[in-house]
There are 2 protein chains.
Amino acid sequence: MKTAQQTNQKNAVLTKIQQNVLNVIREFMENNSYPPTLSELGQALHININAVRDHLHALERKQVLRCIPNISRGIELLHAKPEGIPIYGFVPAGHPFMSQENIVDTFEIRRYISASNNVFGLYVRGDSMKDAQIATGDLLFVDPDVEARDGRMVVALVEGEPTVKWLQKEGSTISLVPANKKYKPIVVDKNDENFKIVGVVVGMIRAMDKLRIDKMVNLKKAS
Amino acid sequence: MKTAQQTNQKNAVLTKIQQNVLNVIREFMENNSYPPTLSELGQALHININAVRDHLHALERKQVLRCIPNISRGIELLHAKPEGIPIYGFVPAGHPFMSQENIVDTFEIRRYISASNNVFGLYVRGDSMKDAQIATGDLLFVDPDVEARDGRMVVALVEGEPTVKWLQKEGSTISLVPANKKYKPIVVDKNDENFKIVGVVVGMIRAMDKLRIDKMVNLKKAS
DNA sequence: TCAATTACTGTATATTATTACAGTATTCAT
DNA sequence: ATGAATACTGTAATAATATACAGTAATTGA
């Protein structure tokens with residue numbers, strides 16, 4: 001006989017069978033685009049639907065899923081599996097830095113670079129931003145929706161040619177300053193029709209594996 | 001009256017109403033963890049369930065979804081929406097670089113840095129890798145499963161202290177070379193117990209927004 | 001103008017799926 | 001040893017869903 005009030009047990013440990021039920025649900029949802037019904041779970045687990053029901057209610061009490069009443073396939077998995085990869089603190093920081101407690105963040109690009117929905121990537125070629133630690137092959141994240149304030153690194157179109165430079169505003173003139181003494185700043189008028197700021201550089205990524213470098217060389221040849 | 005054979009129309013254009021039905025299905029699935037039933041769609045669209053059915057069959061013929069027979073909520077959307085953000089070619093490359101055809105890749109971190117499942121992130125502090133274009137605040141992707149060959153950038157533990165350096169192998173000795181003339185290489189024996197290579201640096205990401213910099217300063221204070 | 005497609009309504013029916021009720025048996029902590 | 005949670009079986013009622021059949025009406029391309 002079913003007993004009455006069963007208290008909420010957040011973060012309670014799952015039994016082996018409950019874990020198994022959860023795994024079967026996950027597997028089903030990976031293969032099927034819709035959650036399983038009670039009888040489908042019963043078949044998969046070789047048990048009666050009411051046993052399945054008991055398990056689902058237990059899993060609900062333990063906060064790993066939610067059952068929506070009177071809805072077919074009304075199972076909602078909570079705690080959506082963390083998608084990102086772990087990010088540890090500074091180098092050099094503390095000694096046992098590769099521990100669970102030292103994960104200061106999880107890698108999730110949009111959150112990291114806090115960009116709008118219009119961000120796009122752009123590969124860098126040339127050494128004009130060398131002193132800003134930006135090299136050929138680097139991938140820049142450019143956000144058109146971020147305000148291009150003085151001092152920010154921007155991507156601009158000068159007479160149709162895209163370039164990455166520091167932005168420097170002085171009255172009605174705008175200077176596009178490279179981070180390399182070898183090159184001179186480009187000075188244009190604020191209202192120059194041949195000049196347009198595409199977006200602000202909000203992030204950067206660099207691949208250090210040979211495969212990517214080869215790919216970039218191929219791209220270079222193709223262009 | 002329903003007419004007989006209706007040919008497959010892959011890539012056919014959706015009518016306005018069909019597009020609307022698809023949008024409602026997408027919206028429902030974003031909010032609900034399970035696909036909608038016919039009557040739920042009927043309610044949302046203010047039409048009879050058999051009208052919904054007709055639309056679903058039309059969408060099925062046009063290959064945008066699949067209806068699984070005799071299965072409640074048996075709707076499977078095809079052509080899963082592209083998750084990544086677009087990545088354009090080199091800068092400077094061609095003039096109209098922000099066009100659909102110039103998307104050379106889509107941003108998806110794991111594919112980009114071609115790393116194992118054990119990659120982790122690590123923030124950099126200090127200027128010892130300055131000449132390799134790596135600065136304080138940069139986030140390194142370190143892969144413990146990549147072979148630490150001569151010349152690669154590695155994260156090593158020297159007497160418990162983690163450091164980022166170039167790896168240089170010479171016979172039985174290993175040199176950890178900084179990319180900054182201000183600092184001297186660390187030379188250790190191959191079998192030194194106080195020395196361990198944690199992983200190879202396979203990628204790097206840099207955030208250029210102020211918020212992140214503030215966060216990093218806070219982390220610095222806390223450590 | 002004719003066939004095909006689109007866009008619906010309405011009633012009915014079969015199937016699918018959830019819920020309810022009534023048990024049995026085991027384990028586990030107090 | 002007693003209450004509570006776990007782990008099941010079985011039958012039945014009810015609600016939720018999908019499907020079938022029979023239409024109507026407007027639009028579109030050949």
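In this predicted model, Cys67(B) counts as buried, because its relative accessibility is 18% and the cut-off for burial is under 20%. Cys67(A) also has a relative accessibility of 18%, so Cys67(A) counts as buried. The number of disulfides over all chains is 0.

**Helix H3 of chain B**

Helix H3 of chain B covers residues 49-61, which makes 13 residues. At 1.5 Å a residue, a helix of this length should span 18 Å, and the C-alpha atoms at its ends are 18 Å apart, so the two values agree. The buried residues of H3(B) are Val52(B), His55(B), Leu56(B), Ala58(B), Leu59(B) and Arg61(B). An α-helix has 3.6 residues a turn, so residues three or four places apart point the same way. The partners against which the buried residues of H3(B) pack are helix H1 (16-32), helix H2 (38-45), strand E1 (65-67) and strand E2 (75-77) of chain B.

Both ends of this helix have a feature to note. At its start, a side-chain oxygen of Asn48(B) lies within 2.8 Å of the backbone nitrogen of Asn50(B). Just after H3(B) comes Gln63(B), with a positive phi of about 65 degrees.

Strand E11 of chain A runs over residues 195-207 and includes Ala207(A). Of the 13 residues in E11(A), 11 are buried, so the strand is mostly covered. Ala207(A) counts as buried because its relative accessibility is 11%. Ala207(A) lies 69 residues from Asp138(A) in sequence, while their C-alpha atoms are 7.3 Å apart in space.

The pairings are set out below.

| Partner of E11(A) | Sense | Bridges | A bridge in the pairing |
|---|---|---|---|
| Strand E11 (residues 195-207) of chain B | antiparallel | 5 bridges | Arg206(A) with Met204(B) |

In the pairing that joins the two chains, E11(A) and E11(B) run antiparallel, and Met204(B) is the bridge partner of Arg206(A).

**Ser175(A) in strand E9**

Ser175(A) belongs to strand E9 of chain A, residues 173-177. Is Ser175(A) buried or exposed? Its relative accessibility is 7%, so Ser175(A) counts as buried. Its side chain makes a polar contact of 3.4 Å with the side chain of Glu170(A). Leaving aside residues up to four places away in sequence, Ser175(A) touches Trp166(A), Leu167(A), Gln168(A), Glu170(A), Ile186(A) and Val187(A).

**Two loop residues of chain A**

Most residues other than glycine have a negative phi. His46(A) is not a glycine, yet its phi is positive, about 60 degrees. His46(A) sits in the loop between helix H2 (38-45) and helix H3 (49-61) of chain A. With a relative accessibility of 71%, His46(A) counts as exposed, because the cut-off for that class is over 50%.

Asn70(A), which is not a glycine, has a positive phi of about 60 degrees. Its place is the loop between strand E1 (65-67) and strand E2 (75-77) of chain A. Asn70(A) has a relative accessibility of 82% and therefore counts as exposed.

Note on methods: Residues numbered from 1 in each chain as written. Chains lettered and ligands numbered in written order. Predicted model: local features only at pLDDT ≥ 70, side-chain atom pairs only at ≥ 80, totals over all residues. Heavy atoms only, no water. Disulfide = S-S within 2.5 Å. Buried < 20%, exposed > 50% of the residue type's maximum accessible area, 1.4 Å probe, protein only. Helix = DSSP H or I, 4+ residues; strand = E, 2+ residues; numbered from the N terminus. Expected span 1.5 Å × (residues − 1). Contact = heavy atoms within 4.5 Å. Polar contact = N/O pair within 3.5 Å; in protein donor to acceptor, adjacent residues only side chain to side chain. Pairing = 2+ DSSP bridges.
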